[in-house]
Amino acid sequence: MEVWQIFGRSRYAATVGSNKFDAVTFDVGGTLLYSDPTPAEIYATHLSRLGREVRAEEVGPVFAAAWSDMQRRTSPGADRYAAIPGGERAWWGTFVREVLVRLDHDALWENLLDNLYRAFSEDSVWRTYPHALETLDGLAERGVMLAVISNWDRRLPQILRGLDLEDRFEVVTVSSLAGVEKPASEIFERTLDRLGVAAHRALHVGDSPLEDYSGAENAGLAAALIDRSGAFSGQPYRRIAGLAEVLELVG
């Protein structure tokens, strides 16, 4: 049987309390974790080692445009990595070639892919956002069950383990292992089934209006959009400026 989610051992026993929610699920990239150096800086470093020198300022807009284009090639909710023969590595290889073409760079894509794949696999490039650990531990102390629902490849559990995060979650659902992505309701429903929690008793926290907010609401969960920069001010979302506010929502 294909493994699509990883079960961690919670540090706290779940208890029935007066919380508004029995479970909180989290997106990862842009919600719990960010990369430092930035993706543009990492790409610029490895591109410069393999060919002409480029700066992160040059790579950033190209990276963003290539990412948006690759996202549009797969229907929302479909597993992007299954859409290309060869799976995850092939998908990332296509993305790397897109970046090289847009930059008119002379690096060999196979070498660049190998270097970048290793770089982003290292937990040392990933950082937790402010108050992430305190929020997770505070929720667990209240008996709230925790889970991850992330559009990521199979490297995510290893990264979470390296950051001492994996054991904080009862369930870690990774899209490439589940074969389905947010915003599809199925990825939320499978996670809640494993938790044994009804949708209306769960809150999902993420940074994407489509994948996280709409996806969660369509699956019957409450949703909170983390909006650190105020980009969605005035729009009809339950917004939070930081992870510490999750504790206030849970009550």
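Q: Is Tyr213 buried or exposed?
A: Tyr213 counts as buried, because its relative accessibility is 7%. Buried means under 20% relative accessible area, exposed over 50% and partly exposed in between, with a 1.4 Å probe and protein chains only.

Q: Before we go on, what kind of model is this?
A: It's a predicted model: local features need pLDDT of at least 70, side-chain atom pairs count only at pLDDT 80 or more, and totals for chains, interfaces and linings use all residues. Residues are numbered from 1 along each chain as its sequence is written, and side-chain values use heavy atoms, with hydrogens and water left out.

Q: OK, back to Tyr213. Which helix is it in?
A: Tyr213 is in helix H9, residues 209-218. Helices (H or I, at least four residues) and strands (E, at least two) are DSSP runs, numbered from the N terminus.

Q: And what does Tyr213 touch?
A: Leaving out residues up to four places away in sequence, Tyr213 touches Ser208, Ala223, Ala224, Leu225, Pro236, Tyr237 and Arg238. Contact here means heavy atoms within 4.5 Å.

Q: How far apart are Tyr213 and Arg238?
A: They're 25 residues apart in sequence, and 8.9 Å apart in space from C-alpha to C-alpha.

Q: Switching to strands. How many residues of E5 are buried?
A: Six of the six residues in E5 (residues 145-150) are buried.

Q: Which residues sit on which side of E5?
A: Met145, Ala147 and Ile149 are on one side, with Leu146, Val148 and Ser150 on the other, and all of these are buried. In a regular strand the side chains alternate between the two faces of the sheet.

Q: What does E5 pair with?
A: Strand E2 (residues 23-26) runs parallel to E5, joined by four bridges. E5 also pairs in the parallel sense with strand E6 (residues 171-174), over four bridges. Two strands pair if DSSP finds at least two bridges between them.

Q: Which residues face each other there?
A: Thr25 has Ala147 in E5 as its bridge partner, and Val148 stands opposite Val172 in E6.

Q: Zooming out, how many helices and strands are there?
A: The protein chain has ten helices and nine strands. Its radius of gyration is 19 Å, close to the 18 Å that the globule rule gives for 251 residues, so the chain is as compact as a globular protein of that length. That radius is taken over C-alpha atoms, and the rule is 2.2 Å times the number of residues to the power 0.38.

Q: What does the C-alpha trace span?
A: About 60 × 40 × 35 Å along its principal axes.
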